[in-house]
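Biologist: I have some questions about this model. Show me the structure and we can go through them in turn.

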There are 2 protein chains.
Amino acid sequence: MVERRSHAPTIIDVAEHAGVSRATASRALSGYGRTSAATVERVRRAADEIGYRPNELARAMRAGSTSTIGLVVIADFTNAFFDRATKSIVDAARKRGYQVLISNTDEDPDVERGAIETLLEKQVDGLIVFPSAIGHSEHLEAGNLGGRPLVLADRRLDDLGVTTVTTDDFTGTREAVRNAVGLGHARLGFLITAANIAGQTTARPPALISSVRDRADGFAAGAADAGIPPEDQVWHFSEDVPESSEAAVAEMLDLASPPTVIFTSNNDMALSVLKVAGSRGLAIGREVSLVTVDDSPWAAYMVPGITVVARPVEQLGELAVERLVAEIESPGQPVEDIQLPTELIPRASVADLRSPAAGR
Amino acid sequence: MVERRSHAPTIIDVAEHAGVSRATASRALSGYGRTSAATVERVRRAADEIGYRPNELARAMRAGSTSTIGLVVIADFTNAFFDRATKSIVDAARKRGYQVLISNTDEDPDVERGAIETLLEKQVDGLIVFPSAIGHSEHLEAGNLGGRPLVLADRRLDDLGVTTVTTDDFTGTREAVRNAVGLGHARLGFLITAANIAGQTTARPPALISSVRDRADGFAAGAADAGIPPEDQVWHFSEDVPESSEAAVAEMLDLASPPTVIFTSNNDMALSVLKVAGSRGLAIGREVSLVTVDDSPWAAYMVPGITVVARPVEQLGELAVERLVAEIESPGQPVEDIQLPTELIPRASVADLRSPAAGR
DNA sequence: GCCGTTTGCGAGATCGTTCTCGCAAACTTG
DNA sequence: CAAGTTTGCGAGAACGATCTCGCAAACGGC
């Protein structure tokens, strides 16, 4: 039975309907202090009858906590990273009684700043941030967060001294190189996003986002492990747009002696390899080999399957929530830098150059 | 300069610091009523100096609106639907000054009910719901929403009489059939999710979620258009898990005379076709043709490219936000049932059976 | 039957804002 | 220069919940 007054029923309406005071109604429903069983029953029934729904805003204001965490992500589709991370965070938060206020920065630091400001004004209990850029992170410093805890995900910001959950992309990429070299590859291409130096082909990248830097360092380490000389490492930087990375792939394949395998630092670039190689009639896993970071159902089932460095994205999301909630509910947790292990999943996109039949 | 008191600075602190009253400070910062320019300046500076951040909770309580919308989605990865929809909704909401509180139901009606209850308690101004199931939708009726507007996305719930934004999957699937038949296909397989009747192979599905039903009806209509008799339509229902759909694909391909083309109602099932066909050495676009609903970067760039019915998911998200915000800001909008046009993108996964060279 | 303890409940303060009033000072006008 | 109008500001109520107190009634023991 819905009341016909315009405003939603409040606890005062419940109290009136049950013939008790505001305080008693609150006690009966929230179950603190002393209330007789009969009164509890009467108040509960009254609340049901008038369709009472507690106003969480008022409760939060009194209590000083909203049971809401702010999530600031970078939505990129193709890597299936955004959705896997978001879903795992939303689910993990719900399990612990928290809701998620989500913001997307699209890698724009100004948007990130504004999003965080808004989330703080909405009094989130804590923040999980996938930082959009290195440098310019004053807005993430403890002093500007109003004392609310922060967990960084996917990318480290070393000078911040805050708990961070990432994947070990260094080791992952290094292993990927080891695997390809083991299959006989000796000339390696590496395609990597770095908007600021797109077009460059040096092997020593400047300041990069930690996740990208780890992959670059892992590639370099893997090549060094195998004794691949610099002249057999073809580095290409590109912007994070298809045109740029496709041009880079084309340039690589146009070399007098092109790399036999291309490592890409994300799925977008792997798709560019697929596209450019396809348009030239070069078969993946035969004429061109491919390894990328991040698994996806498509990478697994297409023919040939794509060899990938799989990252435990769901685990990353869950851990971020776990650490954040721990800090919210009992402040003073030690700062941790958690690196989750990746897994190399070898499929058919890396040709075995050792077998005599290979290469047709 | 951060104050050393434990609580975050409030407008009272600003007022004290500026030597004015609470009311004047509020006026100066919010810019209503009359305030002298000098006072505005003084208050602004005071706010800056003590690092004042308005408490949106308090403002929302007073104002009766939170500038927050609740989003209830079904997170399924492979279709790249969740992330595209979520991103477009979050971005469109931000553009209009709204934040998004997100919940994932994983298609569980009980979770959906609880999520909506929580969102309403948090006083969202409106809801966008991707409903998880037909029937059992009392919790979505206007009376149980405390007067807050609702927009349904992706799936219709006809008895609710609420504004709904969907894609025209009926026409999309019908066109896909027309396209395949035009290329010479005369025996058609259709793979569709319907947990309740998994394993069935009848052509008349029972109560289905509207999006799935539309695709089934579109397939039936397309087959009828082309005069394909029922015995040349191979319908297969499966649960929304790989094992189930893979079994269905295997069954289809094991028929004495298997369909030459398989239509799948989502990307999960298309991947199952890829997997099962791949494991049998059947080449897509040669021995087996494939069409699916929902485009993705992978579908475009793999070899062969997958023919798809592309849905304007971003537009769907934006429109849902637009309609919802319109209703929030000026109630009494007409109820609309918006169907966005889909687009058939022909690629190489459907073999041209008319060409003599086909099939080798 | 008296005094001390427990029990149940209500009055009122509080969280941080916004906004309506009313009041005094500063202007305008004839 | 008196009367009316505008300007700037402060006091206090309101949003809807929680929670601390204090008070009265009921209960206990001797």
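Biologist: How far apart do the end C-alpha atoms of residues 9-63 of chain A lie?

Modeller: Bear in mind that this is a predicted model. UniProt, in an unreviewed entry, lists residues 9-63 of chain A as "domain: HTH lacI-type". The span is 71% helix and 0% strand. Its end C-alpha atoms are separated by 21 Å.

Biologist: Is Asp159(A) buried or exposed?

Modeller: Asp159(A) sits in the loop that runs between strand S4 (150-153) and strand S5 (164-167) of chain A. Exposed means over 50% relative accessible area. Asp159(A) has 67% relative accessibility, so the residue counts as exposed.

Biologist: Which residues form a negative surface patch with Asp159(A)?

Modeller: Members of a patch need over 30% relative accessible area and no salt bridge. Besides Asp159(A), the negative patch contains Glu141(A), Asp158(A) and Asp337(A).

Biologist: In chain B, what separation do the C-alpha atoms of Val309(B) and Asp294(B) have?

Modeller: Val309(B) belongs to strand S10, residues 307-310 of chain B. With 2% relative accessibility, Val309(B) counts as buried. Asp294(B) is 15 residues from Val309(B) along the chain, and the C-alpha separation is 5.6 Å.

Key:
Residues are numbered from 1 along each chain as its sequence is written. Chains are lettered from A and ligands numbered from 1 in the order in which they are written. This is a predicted model: local features need pLDDT of at least 70, side-chain atom pairs count only at pLDDT 80 or more; totals for chains, interfaces and linings use all residues. Side-chain values use heavy atoms; hydrogens and water are left out. Patches are made of residues with over 30% relative accessible area and no salt bridge: like charges are joined within 9 Å, nonpolar side chains (Val, Leu, Ile, Met, Phe, Trp, Tyr) within 5 Å. Accessible areas come from the Shrake-Rupley method with a 1.4 Å probe; for residues, only the protein chains shown count as cover. A salt bridge is a side-chain nitrogen of Lys or Arg within 4 Å of a carboxyl oxygen of Asp or Glu. Lys and Arg count as positive and Asp and Glu as negative; His and the chain ends are not counted. The place of a charge is taken as NZ of Lys, CZ of Arg, CG of Asp or CD of Glu. Helices (H or I, at least four residues) and strands (E, at least two) are DSSP runs, numbered from the N terminus. Buried means under 20% relative accessible area, exposed over 50%, partly exposed in between (1.4 Å probe, protein chains only). UniProt positions are given in the numbering used here, feature names are shortened, and annotations may be inferred rather than shown by experiment.
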